[in-house]
Amino acid sequence: MAKIDRLNGCSDWIDLSFVERERTPRRLMELGIRLHLAGLSLSNTVRELEKSGVERSRKAVHDWVQKADLQPTTDANPNHVALDETVIRIDDHQYWLYAAVDPETNRILHIRLFSTTTTALTERFLRELIEKHDVENAVFLVDGAQHLQTALRRHRLRFRYEKQGNRNAVERIFREIKRRTSSFSNCFSHAKPSTAESWLQAFAVWQNATN
């Protein structure tokens with residue numbers, strides 16, 4: 001089992017209003033969600049729950065994460081936004097993960113999964129980001145990807161090319177996501193893109209709650 005940090009703490013960010021029949025105590029459902037998002041595989045999460053006398057399947061834990069419908073909070077007002085994209089594989093197909101991170105707090109502002117990468121999709125990502133947060137006066141930190149820069153220009157958003165420095169905040173997020181998804185084949189194996197994106201949104205909420 002991998003060594004897991006930051007397991008303790010409140011679970012106020014987990015909404016269990018979807019629960020209709022409480023076959024599992026809510027505190028253990030919250031624990032299962034927190035353990036899985038913190039880095040345990042579904043199998044190891046199930047084993048941890050068994051220590052508390054609860055026997056649930058991997059699918060049950062997976063469904064808890066999905067049904068909780070966790071979304072990053074809104075209304076941030078960052079001075080800088082690290083913006084980037086990377087490739088995520090789901091079975092034999094590749095998808096593009098877009099992320100915007102506040103490098104001063106390491107909080108994920110917005111995260112989305114697309115089947116391809118284009119300037120139009122980048123503009124869509126930025127529109128969603130603008131709707132959620134006050135970023136019009138922020139400076140976006142980007143690499144040399146022309147479609148990122150073109151989309152930012154079209155939205156009249158300021159940006160600065162930065163290869164290292166504060167832009168590393170989003171790179172760290174990508175490395176952690178890739179570590180998780182390569183280690184836990186049951187996260188994205190045989191999953192629909194919408195399911196993978198839901199997990200990524202939930203991961204973002206956990207990441208922000210534990211910063």
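Student: What percentage of the 211 residues of the chain count as buried?
Tutor: 52% of the 211 residues count as buried. Buried means under 20% relative accessible area, exposed over 50%, and partly exposed in between, with a 1.4 Å probe and protein chains only. The model is predicted: local features need pLDDT of at least 70, side-chain atom pairs count only at pLDDT 80 or more, and totals for chains, interfaces and linings use all residues. Residues are numbered from 1 along each chain as its sequence is written, and side-chain values use heavy atoms, with hydrogens and water left out.

Student: How many helices and strands does the chain have?
Tutor: Eight helices and five strands. Helices (H or I, at least four residues) and strands (E, at least two) are DSSP runs, numbered from the N terminus. From the N terminus on, the order is α-α-α-β-β-β-α-β-α-β-α-α-α.

Student: Why are α1 and α8 called roughly perpendicular?
Tutor: Look at the crossing angle. The axes of α1 (residues 26–38) and α8 (residues 193–209) cross at roughly 95° and come within 10 Å. Axes are lines fitted to C-alpha atoms, for helices over the stretch in contact, and angles run from 0 to 180 degrees between N-to-C directions. Under 35 degrees counts as roughly parallel, over 145 as roughly antiparallel, 65 to 115 as roughly perpendicular and the rest as oblique. So α1 and α8 are roughly perpendicular to each other.

Student: Which residues make that contact?
Tutor: From α1, Arg 34, His 36, Leu 37 and Ala 38; from α8, Trp 199, Ala 202, Phe 203 and Trp 206. Contact means heavy atoms within 4.5 Å. By class, the contact of α1 with α8 has six nonpolar, one polar and one charged residues. Here Ala, Val, Leu, Ile, Met, Phe, Trp, Tyr, Cys and Pro count as nonpolar, Asp, Glu, Lys and Arg as charged, and the others, Gly among them, as polar.

Student: What makes Gln 201 count as buried?
Tutor: Its relative accessibility is 7%, so Gln 201 counts as buried. Gln 201 is found in helix α8. Leaving aside neighbours within four places in sequence, Gln 201 is in contact with Leu 70, Gln 71, Pro 72, Ile 111 and Arg 112.

Student: How do you know that the side chains of Glu 48 and Lys 51 meet in a salt bridge?
Tutor: Check the distance. A salt bridge is a side-chain nitrogen of Lys or Arg within 4 Å of a carboxyl oxygen of Asp or Glu. For Glu 48 and Lys 51 the N to O value is 2.9 Å, so the pair qualifies. Lys 51 counts as exposed, at 65% relative accessibility. The structure holds seven salt bridges.

Student: What separates Glu 128 and Arg 124 in helix α4?
Tutor: About one helical turn, because they are four residues apart in α4 (residues 119–132). Arg 124 is partly exposed, at 36%. A network of salt bridges links Arg 112, Arg 124, Glu 128 and Glu 197.

Student: Is Glu 162 buried or exposed?
Tutor: Buried, because its relative accessibility is 14%. Glu 162 meets Arg 160 in a salt bridge (2.9 Å, N to O). Arg 160 is partly exposed, with 36%.

Student: What makes β1 and β2 a pair?
Tutor: Two strands pair if DSSP finds at least two bridges between them. Nine bridges join β1 to β2, which run antiparallel. Leu 83 stands opposite Ala 100 in β2. β1 and β2 form a hairpin with two residues between them, and Asp 91 in the turn has a positive phi of about 55°.

Student: How many bridges pair β2 with β3?
Tutor: Seven, in the antiparallel sense, with β3 spanning residues 107–114. Asp 102 stands opposite Arg 107 in β3. Four residues lie between β2 and β3 in their hairpin, where Asn 106 in the turn has a positive phi of about 65°.

Student: Why is strand β2 called mostly covered?
Tutor: Because eight of the 10 residues of β2 (residues 93–102) are buried.
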